[in-house]
Amino acid sequence: MRILVIGGTRFIGVYLTQLLLKAGHEVVLFNRGNHPIPQGVGQIIGDRTDSNQLQEKLAQETFDVVFDNNGRELADTQPLAEIYQGRVKHFVYMSSAGVYLKSDQMPHLEGDTVDPKSRHKGKHETEAYLQQLGIPFTSIRPTYIYGPQNYNPLESWFFDRIAHNRPIPIPGNGMHLTQLGHVFDLAQAMIQVIGNEKAIGQIYNISGDRFVTFDGLARACAVAAGKSADDVKIVHYDPKKFDFGKRKSFPMRVQHFFTSINKAQIELNWQPQYDLISGLKDSWENDYLITRQDKLEVDFSVDDEILNAG
């Protein structure tokens, strides 16, 4: 198949492109051309935020599948979807489990109520639009994505403190349950959407198959870094007692946040390959250490504010 990937040179797109090539597909990336692309991959240079450029560069291009990995708002995706309405076999949209409304009943299922005030509300508006448009779409809702090349400071936030033998300040009592999914497993699920008639018009939660407490995540990161879980000093604090302004004191939302991935496992015949420890080891060994992040100077001023108040 001839496949268009919007973006494709950062994190998810890198893994997706590699798997598409491995499966024998013809892959074309549409992006600004700021990063090198793999050998054997086509490229169309343009700015997706400019609908005129999308029309000019893509209207005459034919694809079997389109992957929109970086559309955040409806305005980002609508021009692209309109170009390929009636012209594409599958339109795969990267949404987020962040659309769900906070609930007393967990895990989140694909049909759960969405939060109209979520910072990801544009994702849900796009899903609703794609359904209304009638384009053969599938939407993917990951929780926290991790793995090598992650540009969000998620696992690296924990690694920084472990590498510098620092205490790890965790909000609340450390027992909030959360969920991480490795980027390779996410890309593999996206691949298995292609050509799957069951996936048309569907939404899938994609993540790891286990949940973990904040304290458990800190200990898992230590183990991945070759230390003992007992070596980690965890300090709990009440975030309501501090005014951090726009500074982030913790890289995750302080609430239970996890989803059921049963639907994807059954309908996509998909199973995560990475458990939490093996996935974190992948990040530690094949990203954090290789890029020498352990040697960089880190601003721990927020941590110190928390620890000194203790």
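Trainee: Why are α1 and α6 called oblique to each other?

Mentor: The axes of helix α1 (residues 12-22) and helix α6 (residues 183-191) cross at roughly 50° and come within 9 Å. Angles under 35 degrees count as roughly parallel, over 145 as roughly antiparallel, 65 to 115 as roughly perpendicular and the rest as oblique, and α1 and α6 are therefore oblique to each other. The axes are lines fitted to C-alpha atoms, for helices over the stretch in contact, with angles from 0 to 180 degrees between N-to-C directions. Helices (H or I, at least four residues) and strands (E, at least two) are DSSP runs, numbered from the N terminus.

Trainee: What kind of model is this, and how are its residues numbered?

Mentor: This is a predicted model, in which local features need pLDDT of at least 70 and side-chain atom pairs count only at pLDDT 80 or more, whereas totals for chains, interfaces and linings use all residues. Residues are numbered from 1 along each chain as its sequence is written, and side-chain values use heavy atoms, with hydrogens and water left out.

Trainee: Which residues make the contact of α1 with α6, and how do they divide into nonpolar, polar and charged?

Mentor: On the α1 side the contact (heavy atoms within 4.5 Å) is made by Ile12, Tyr15, Leu16, Leu19 and Leu20, and on the α6 side by Val183, Phe184, Leu186, Ala187, Gln188, Met190 and Ile191. These residues divide into 11 nonpolar, one polar and no charged, where Ala, Val, Leu, Ile, Met, Phe, Trp, Tyr, Cys and Pro count as nonpolar, Asp, Glu, Lys and Arg as charged, and the others, Gly among them, as polar.

Trainee: What makes α5 roughly perpendicular to α9?

Mentor: Helix α5 (residues 155-163) packs against helix α9 (residues 276-288) at an angle of about 75°, with the axes 11 Å apart, and that angle makes α5 roughly perpendicular to α9. The contact involves Glu155, Ser156, Phe159, Asp160 and Ala163 of α5 together with Leu280, Ser283, Trp284 and Tyr288 of α9, and by class it has five nonpolar, two polar and two charged residues.

Trainee: Why do β3 and β11 stand at the edges of the sheet?

Mentor: The open sheet has seven strands in the order β3-β2-β1-β4-β5-β6-β11, with parallel pairing. β3 (42-45) and β11 (202-206) each have a single partner strand, so one side of each is left without a neighbour in the sheet. Neighbouring strands here are turned by 20° against each other on average, direction ignored. As for α6, this helix packs on the sheet, where it touches β4 (65-68), β5 (90-94), β6 (137-142) and β11, and its direction makes about 165° with that of β6.

Trainee: How do you know that β4 and β5 pair?

Mentor: Two strands pair if DSSP finds at least two bridges between them, and β4 and β5 pair in the parallel sense over four bridges. Val66 stands opposite Phe91 in β5, while Phe67 stands opposite Val92. Strand β1 (residues 2-6) is also joined to β4 by four bridges, again running parallel, and the bridge partner of Leu4 in β4 is Val66.

Trainee: Why is β5 described as largely enclosed by the rest of the structure?

Mentor: Five of the five residues of β5 are buried, so the strand is largely enclosed by the rest of the structure; buried means under 20% relative accessible area, exposed over 50%, and partly exposed in between (1.4 Å probe, protein chains only). His90, Val92 and Met94 point one way from β5, Phe91 and Tyr93 point the other way, and all are buried. In β4, too, both faces are covered, with Val65 and Phe67 on one side and Val66 and Asp68 on the other all buried.

Trainee: Why does Gln149 count as partly exposed, and why does Asn269 count as exposed?

Mentor: Gln149 has 42% relative accessibility and therefore counts as partly exposed, whereas Asn269, at 66%, counts as exposed. Gln149 lies in the loop between β7 (144-146) and α5 and has a positive phi of about 80° although it is not a glycine. Asn269, in the loop between α8 (262-267) and α9, has a positive phi of about 50° and is likewise not a glycine.

Trainee: What is the omega of the peptide bond from Met106 to Pro107?

Mentor: Omega is near 0° for that bond, which is cis, and Pro107 lies in the loop between β5 and α4 (121-133).
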